Amino acid sequence: MLKKTIQADLLVVGGGLSGVCAAITAARVGVKVVLVQDRPVLGGNSSSEVRLWILGATSHLGNNNRWSREGGVIDEILVENTYKNKEGNPLIFDTILLDKVVSEPNIQLFLNTVVYDLDKSSPQEISSVKAFCSQNSTEYEFKANYYCDASGDGIIGFLSGAAFRMGAESMEEFGEKFAPAKEYGELLGHSIYFYSKDVGKPVKFSPPEFALTDITKIPRFRNFSSKDYGCRLWWLEYGGRLDTVHDTEEIKWELWKVVYGVWNYIKNSGNFPDAENLTLEWVGAIPGKRESRRFEGDYIIKQQDVVEQRTHFDAVAYGGWSIDLHPADGVFSEKPGCNQWHAKGVYQIPFRSLYSKNISNLFLAGRIISATHVAFASTRVMATGAHIGQAIGMAAKIALKHKVSPKEILEKNHLEELQQELLKTGHHIPGVLHQAQDDLVQSSQIAVSSTLSLDSLSADILKSMDWSMAQMVPLKVGRIPSMYLQVYAMADTHLEVELRLSTKLGNFTPDDILQSKTIAVKAGQQEVLIDFDETITQEQYAFIVFKKNPELKIYFSEKRITGVLSVFNAVNKAVSNFGKQTPSEDIGVDEFEFWCPQRRPEGHNLALRFDPSITAFDKENIKTGIYRPSVQPNAWVASLTDEKPSITITWEKPEAIKQIDLFFDTDFDHPMESVLMGHPEDVMPFCVRNYIIKDDKGLVVFEKKDNYQTVNTIRFEEVLQTSSLHIILQHPSPQVPASLFGVRCYKA
């Protein structure tokens, strides 16, 4: 065989989203990266080979995790995909990932390349990794300072002797009340999906000989639908009682039997006349894996970390998917296909869970991080894994810079540097502020052309009160403003209103009812006064709740504003949300209501009038170091009547500026599922599309048209000497005012 030796700073094995985001993050800060992927495309379970949509803390808009889409590189990828591929074509998504990777000069990409062995310089340290590419008959030896295992099954970790676990822990080991019984006590299985297509004329189907013939072996067969395809078929799962590493081929064949048996039943049973013109367009050739090995770090994440939202001094990422366990028998189980239990908000992921406790130069990424089986049920999803990968990519840079091991990043006090470098890129860590010491904006004076003072949300659309609903209002310390609501009553009735807060600051679960009112409403149209005799003692979002009433209609607004949102106590079956989470026994999860937004083109704000106005959009938000809404909008928002909204940043003397970062609102509440589902817009309605930047002489130093990304980084070839920057923005639309979360300026 042809043999080649490749040297790098960081070797990332596994080209799923976690590996991709680790590689890109590291490469952009100067780390020489080799990315090795055993498949012909990138993306892992999100690729066209498997076709699972990307989700994380946003959970199909089915939980109370507001503005929780993961930031940084994974956000950039999802925003890019939505812009170029809002219909969710998995083949287009492949090209977006490939483009992102090959455009980085510090990444060497090796596709179709399988790791099969490694060497160690000591029992605790990897020195090289061996791999083989079947497409060019070449053996590779990859040597690096640091190794990141993002392979899903943990091939490097396993070969190196890194400590790992498989299967479920007992309740006693970690005190996890949801530690599963026999039905859920093995592993989560694999899935294979299929796509169907209407060709406009009858199509016959003759199943292969190996197809499942007795469809009643699948308890769910009575609920089949000819309209389901792709990852809506997530429940076509098998393998939880087998070895999900070494039995994968056996599992794949069983899934093929199931898939072709299901399709045969849909086409030939006579129970689906609407399937007559459907053809089977695509069936997955490899299964999407959920669980195999989980490796041990210096900290093992457990159920309590997820549910109680425990804080960690070394937080570098976060999660927010439900604790989502599946029956070990998968598609053949009588149990429901999943068992999802949500927390009241997002939870931190500690750096101690992202490296091996006994292999000194090995990072752990994706679904193999250090977590129990129960906690893994939440941390395993792709957007969470991608966010973790970003933290590892930056950690590799910090380790390389200081010549330390991953563990020594903590021991030698480099954690704050790691956190701040991550936040600088748009990565989000709940509870940690971006406080870059080298940001020139912090020492500047900021002036703006206008600031939104929210006195009213125009009454544009009349809707029935089919669900209980709430307007989330960002409030400052002090008395609750008086509010006025336009309503239309079909008959004399009552409007029930509540003032709610979240018991945990930073959460968006309205579980603290401060006051309730019942207001008499006469038949016809009228304006209702809502006046709560309450005072807010700390800045936070309040929920103005209106209980459903079929005899009432209320007005909604076409106006959309950064950090202002309506939510509904409705149902989202996709994530086991039926309006309220009610455990039937003590399994260590909370009982609470779900209040979730509606997807656009719905999701309008309630047409409220405020007295006094809401003043949460000040220019000082530009400096906060939080680039999304949290306890406040954290954005400067201009007045819609301002024809040329602008920000002027001034210093006492000229500064030498090499880089400017701008942070825009691409709606962190929108999940941006990558495939299948489709989205109403290619650009988020809050995102500033056009802007220019001028220096202290009034000269245009940068102009951007048709922006759609969250973070805009402007690097000047020559240092810009100026005592001020004048940033002139254009409102995204007549109904959406221009906004900006942050501006950062750095010297050469």
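## Aromatic pairs

How many aromatic pairs does the count come to? Taking the rings of Phe, Tyr and Trp (its six-membered ring) as paired if their centres lie within 6.5 Å, with planes under 30 degrees apart called stacked, over 60 edge-to-face and the rest tilted, the count comes to 27 aromatic pairs. The model is predicted, so local features need pLDDT of at least 70 and side-chain atom pairs pLDDT 80 or more, whereas totals for chains, interfaces and linings use all residues. Residues are numbered from 1 along each chain as its sequence is written, and side-chain values use heavy atoms, leaving out hydrogens and water.

## Two pairs involving strand β6

Phe110 and Phe142 form an edge-to-face pair, 5.1 Å centre to centre with 65° between the planes. This pair links distant parts of the chain, 32 residues apart, with Phe110 in strand β3 (residues 107-110) and Phe142 in strand β6 (residues 138-149); strands are DSSP runs of E, at least two residues, numbered from the N terminus. Phe110 is buried at 11% relative accessibility (buried meaning under 20% relative accessible area with a 1.4 Å probe, protein chains only), and Phe142 is buried at 1%.

Tyr146 and Phe363 form a tilted pair, at 6.3 Å and 50°, which joins strand β6 to strand β17 (residues 362-364) across 217 residues. Tyr146 is buried at 8%, as is Phe363 at 0%.

## A cluster and charges over rings

Ring pairs link Phe221, Phe224, Trp235, Tyr265 and Phe272 into a cluster.

Arg293 lies over the face of Phe158, 3.8 Å from the ring centre, under the criterion that NZ of Lys or CZ of Arg is within 6 Å of the ring centre and within 35 degrees of the ring normal. The charged end of Arg609 sits over the ring of Tyr484, 4.1 Å from its centre.

Key:
Helices (H or I, at least four residues) and strands (E, at least two) are DSSP runs, numbered from the N terminus. Buried means under 20% relative accessible area, exposed over 50%, partly exposed in between (1.4 Å probe, protein chains only).
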